[in-house]
2 protein chains.
Amino acid sequence: MVLRRLPAFAATAAGALCGTIAMCEQDPGLSRARVTGSSEVGATRWLRLTTLDYEDARGKPRKWDMAQRTTRKEGAEVDGVAILALLRRRAAPQEEVEMLLVRQFRPPMGAVTIELPAGLVDPGESPEAAALRELKEETGYTGSSACVSGQLAMSPGLTDEAVALVVVEVDLDSPANRVPEQALDESEFIRVNRVPVKALLPTLRELERDGCVPFTGLYTLAVGLQLGASGLADASAALST
Amino acid sequence: MVLRRLPAFAATAAGALCGTIAMCEQDPGLSRARVTGSSEVGATRWLRLTTLDYEDARGKPRKWDMAQRTTRKEGAEVDGVAILALLRRRAAPQEEVEMLLVRQFRPPMGAVTIELPAGLVDPGESPEAAALRELKEETGYTGSSACVSGQLAMSPGLTDEAVALVVVEVDLDSPANRVPEQALDESEFIRVNRVPVKALLPTLRELERDGCVPFTGLYTLAVGLQLGASGLADASAALST
C-alpha cells in the first residue's frame, strides 16, 4: 500500500539532454535504481515513518528512511500546492506588481514562518482548483491560474512530499478583491502580507531580523528575482540588499 | 532532548514591518503560540516521528505530528546546505554565467530528481565551509562563498529540517577547476549538469519531460530568474518557455 504512492521508476536518465547540458558522459546508471520494498516503523494520523529497501545504480540492495504524509489522495501526483499570487491592477499595468505571503506559527519549526500561501489538495481536485480555493481561504483574494508546474519534491532526501507551484494572477480592480476576507479553520492563525515582488529579498531579510523563518522555496524565488533583474553581472552585489 | 533542537519561541510578530507591508492590522497573536512538549512515536537511525504538544495563538492546547532528522549537530541552526554555484570565467565576464545541478535517484521520491548540490553540515562546521566541501565532493568544483542565508524551512508543516542557501562563485579560469573530479561515497551516484543560469526554467522542463522531478526550491529559483529578467510585465508569457 505504501509502494502504491511511489511514482513509476521510469528510465529517467536524460540522455537526450546532452545537446544542452555538459558532463552527460558521466552516466552512473541512475535509471537502474529502484525501490523494492518498504516497512512501516511508526505512524500517526498525519505522518508515517518508513524504511525503504532499494537497489542502487549498481543493483546493490540498500535501505533508506523516509517520512510520508498519510493524506495523499489515491492517484494524486502531489500532496499540496504552493501559490505565487501576483497582484496587479489590470487598469494600471504600470503600477508595481505585488505578491501575497503568509505568516503563521509552525509547530515543527517552533517559530513563525514566512511562506507562499499553500495547502493540501482535496480528493479529485486539480492543483489549479486547490490553489484558487486555498488562496481564497488563506488570504481572501480571488484570482485565475496563469501557470502550473508538474510534481516538485519538497525535501527529496527526507520525504516523498510533493507539491505543484501554481502562479495565480490577481486583478486588484475586480470587485471580488475589494475587501478580501480570510476563511480560516478555527485552528488556523495566518497573517497575510502584500509585498512588492521586486522587494521580496529585502522584505524576507527584514522579517528574518524579527525572528521569522522563510520557507526555502520562497527564499530561492527571492534570490532568483534579484539575480534575474540584475542580469547576473555580480551576484554578491545583487544579493547584498 | 527533542525540545532542545527547537528554536527559541521568541516574539516574532513583526509589528515593525507595518511601514512596508500591508494588512499588519490583522494580528492573530502569532507570537503567543509555542511548543510545550513532545512524544516520540517511532525512530530509525536517521529519522524520528514525533507528536508535538503546542498552544495556538489563543493559548488553546493542540497536537501536531512532525518528522525530524536525528543527525542535527548540538547547537547547529541548520541540518544542511543547498548550494547555488555560479560559474564564470573571471577573465571573460561577458560570457554566459552557468550553474551546477545534480541528478540522483532519491528513494523517498522513487525517482531521479534534479536539485541544487546539497548536503548535511558536519559537527562544528559553518554553512559556508559545508557548502564548499559538499560542492567539491559532489561536483568536483572549487569556489568561494559569496553569500549565505540564515535558517530556511524545507517543509515547515511537516518537519523542522532547515538549510542555509550558500551562493558560491566558481572561477572557471582557476587551475583547481580545470578537471573537476567528484569524490563520492560508495553509496552515492550523482550526475552533475552545467546549465546556463538564464536557461534554468526551460532546462528543468526538458528534464521533467524525461521523468526527472525538480526540487521545489530549485524550481522557484528558476521562476524567480525568469520573472526577474522579464520585468514582471506578463507572468504567463515570461513563464511559458
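This is a predicted model: local features need pLDDT of at least 70, side-chain atom pairs count only at pLDDT 80 or more; totals for chains, interfaces and linings use all residues.
Residues are numbered from 1 along each chain as its sequence is written, chains are lettered from A and ligands numbered from 1 in the order in which they are written, and side-chain values use heavy atoms, with hydrogens and water left out.

Me: What makes domain 1 and domain 2 of chain A separate domains here?
Reply: An automatic or database domain assignment sets the bounds. Chain A is divided into domain 1, residues 34–70, and domain 2, residues 72–196. Their C-alpha centres lie 30 Å apart.

Me: How many residues does each domain of chain A give to the contact?
Reply: Contact means heavy atoms within 4.5 Å. Domain 1 of chain A gives seven residues and domain 2 of chain A gives eight.

Me: Why is the pair A:Arg69 and A:Glu161 called a salt bridge?
Reply: The term asks for a side-chain nitrogen of Lys or Arg within 4 Å of a carboxyl oxygen of Asp or Glu. The closest N and O atoms of A:Arg69 and A:Glu161 are 2.7 Å apart, so the pair qualifies. Across the interface of the two domains of chain A the rule finds one salt bridge.

Me: Why is B:Lys60 with A:Glu186 also given as a salt bridge?
Reply: The closest N and O atoms of B:Lys60 and A:Glu186 are 3.8 Å apart, and therefore this pair meets the rule too. Between chain B and chain A the rule finds four salt bridges.

Me: What is the area buried between chain B and chain A?
Reply: Buried area is the accessible area (1.4 Å probe) that two parts lose on being put together, summed over both. For chain B and chain A this comes to about 10,100 Å², with 66% of it on carbon and sulfur atoms. In chain B, the residues losing the most area to chain A are B:Pro108, B:Phe189 and B:Arg191, together 8% of what that side buries. Between domain 1 and domain 2 of chain A the value is about 590 Å², of which carbon and sulfur atoms give 42%.

Me: How many residues of chain B and of chain A are in the contact?
Reply: The contact takes 120 residues from chain B and 120 residues from chain A.
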